[in-house]
Amino acid sequence: MSYEVRSLNEECGIFGIWGHQEASRVTYLGLHSLQHRGQEGAGIVSNDHGNLKGYRNLGLLSEVFANPDTLDTLTGEAAIGHVRYATSGSGEVNNIQPFLFKFYDGDFALAHNGNLINAKSLRYQIENEGGIFHSNSDTEILMHLIRKSTEETFDRRLKEALTQVKGGFAYLLLTDTAMYAALDPNAFRPLAIGQMANGAYVISSETCALDSINARFIRDVEPGELIKIDDSGLMIDSFTLDTTYSICAMEYIYFARPDSNIKGINVHRARKNMGIALAKEAKIEADMVIGVPNSSLSAASGYAEASGIPYEMGLVKNQYIGRTFIQPTQELREQGVRMKLSAVRGIVEGQRVILVDDSIVRGTTCKRIVRLLKDAGAKEVHVRISSPPLKFPCFYGIDIQTKRELIAANHSLEEICQIIEADSLEFLSESGLIEAIGLDLEAPYSGLCMAYFNGDYPTDLYDYQATVDCD
């Protein structure tokens with residue numbers, strides 16, 4: 001899926017810090033390590049002795065904060081930041097996070113990674129009661145629920161609000177006195193806690209951002225937990241005890257950076273294990289194994305190691321071209337493939353090639369990559385996918401919301417192979433994927449959400465149930 005139709009697969013990254021004199025600058029550095037999770041827009045809100053200030057805009061992080069004076073204005077010892085793909089809401093500045101809300105009794109900022117599956121119902125209810133939304137993002141809903149609560153303290157109002165939102169969510173909130181983090185009851189999205197040498201606490205979507213600022217990993221945020229950090233330290237609480245691990249399998253397959261760990265599992269190691277399992281399940285005689293840069297390289301190395309077939313660099317990525325899936329139209333996304341990828345003719349010409357990729361959505365881009373290799377003289381191209389076929393919509397933050405978008409939901413294995421013009425095609429089995437990741441938690445599918453592959457959703461679907469029934 002490295003060059004697939006990414007309007008269907010969208011993510012975000014959040015980062016927060018409490019207790020550092022250069023909080024906004026550390027947040028900027030942390031967000032750089034999370035840029036792969038969101039390239040549509042970015043923002044940072046800082047807390048300077050109770051005064052919350054923010055800046056956000058469309059574009060890459062380096063573009064949003066191209067003027068060094070911008071960060072200079074975001075003073076204070078606490079900050080939260082966000083890099084965005086549009087899991088819900090359109091690509092407008094009003095939808096870029098963190099959102100900063102100003103109230104007579106105190107301000108707070110809010111950032112969110114994930115997707116609420118009851119957002120439509122909640123928004124309808126809130127608007128009917130007079131609530132006004134300034135964006136069409138589902139993130140703003142939590143603010144309204146907090147303000148509606150009649151509980152006496154902010155902490156209790158936040159807890160009550162968190163029990164009303166459903167779906168996949170990792171939240172960061174910044175008030176004048178504290179920073180909060182909350183994770184949904186299934187832990188669909190990763191969220192990690194770290195600490196810097198000066199004692200500052202850090203919360204990030206991925207551990208790679210902790211490493212980039214030399215923060216020590218403390219623990220993962222557990223499902224249903226509410227973390228509070230203020231000048232007195234770190235406090236761990238829960239807003240619900242009705243929890244079951246269902247970590248998004250696509251985090252391991254594609255989204256997370258290979259140097260991140262999720263629930264103690266290194267992403268590169270998990271992907272390499274997927275390639276090893278795939279080599280055992282889908283053997284083929286060939287001259288070389290190549291991976292689609294960048295997320296499939298780990299799986300390709302595992303396939304080569306297990307099969308004994310040499311690993312080669314048959315595709316080269318132009319690192320200075322933005323991801324094809326952020327282009328506004330499918331035509332431009334597809335045209336971008338040749339700009340981004342080149343086949344190495346001197347390596348693949350006359351050879352039988354095993355092409356390892358992490359997944360297939362529509363198949364259009366996979367077809368173009370197969371053509372790239374054959375145009376470069378590859379004798380055969382055998383496609384091996386290091387995940388099961390994507391057959392079902394996802395509603396927890398990966399914005400695949402109809403089967404019509406998924407080639408595997410509408411075509412047999414043989415038909416897909418013909419469509420992408422490969423000489424053969426095989427996918428990793430569900431059991432192979434689960435074993436390769438190796439979570440081994442006491443939960444269905446060892447703690448993974450496998451709904452994209454088998455339609456077994458770990459929660460009720462609320463607003464999306466009719467969509468699934470229609471499909």
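**Exercise 1. Work out whether S295 is buried or exposed, and where it sits.**

Step 1: S295 has a relative accessible area of 11%. Buried means under 20% relative accessible area, exposed over 50%, and partly exposed in between (1.4 Å probe, protein chains only). S295 is therefore buried.

Step 2: S295 lies in the loop between strand 17 (288-291) and helix 10 (297-307). Helices (H or I, at least four residues) and strands (E, at least two) are DSSP runs, numbered from the N terminus.

Step 3: check the record. An unreviewed UniProt entry puts the feature "binding site" at S295, D357 and D358. These three span 64 residues in sequence, yet no two of their C-alpha atoms are more than 8.0 Å apart, so they gather at one spot. UniProt positions are given in the numbering used here, feature names are shortened, and annotations may be inferred rather than shown by experiment.

A word on the ground rules: this is a predicted model, where local features need pLDDT of at least 70 and side-chain atom pairs count only at pLDDT 80 or more, while totals for chains, interfaces and linings use all residues. Residues are numbered from 1 along each chain as its sequence is written, and side-chain values use heavy atoms, with hydrogens and water left out.

**Exercise 2. Sort out which residues of helix 4 are buried and which are exposed.**

Step 1: in helix 4 (residues 119-128), the buried residues are A119, L122 and I126. They cover an arc of only 70 degrees around the axis, which puts them on the same side of helix 4. The arc is that of the directions from the helix axis to the C-beta atoms.

Step 2: recall the geometry. An α-helix has 3.6 residues a turn, so residues three or four places apart point the same way.

Step 3: see what does the covering. For the buried residues of helix 4, the cover includes strand 6 (108-116), helix 5 (140-148) and helix 6 (154-164).

Step 4: follow the chain onward. After helix 4 comes G130, with a positive phi near 100 degrees.

**Exercise 3. Say how many residues of helix 5 are buried, and what covers them.**

Step 1: 7 of the 9 residues of helix 5 are buried, so this helix is mostly covered.

Step 2: name them. The buried residues of helix 5 are E140, I141, L142, M143, H144, L145 and I146.

Step 3: the cover over them includes strand 5 (99-101), strand 6, helix 4, helix 6 and strand 7 (167-175).

**Exercise 4. Judge the overall dimensions of the chain, then its confidence.**

Step 1: for 471 residues, a compact globule would have a radius of gyration near 23 Å; the chain has 22 Å, which agrees. This radius is taken over C-alpha atoms, and the globule rule is 2.2 Å times the number of residues to the power 0.38.

Step 2: the chain has 18 helices and 23 strands, and 58% of its 471 residues count as buried.

Step 3: the mean pLDDT (the predictor's confidence in each residue, from 0 to 100) is 92, and 92% of the residues reach 70 or more. Over residues 1-9, though, the pLDDT is below 50. It also stays under 50 over residues 323-328. Where pLDDT is low, the predicted coordinates should not be read in detail.

Conventions
Contact = heavy atoms within 4.5 Å.
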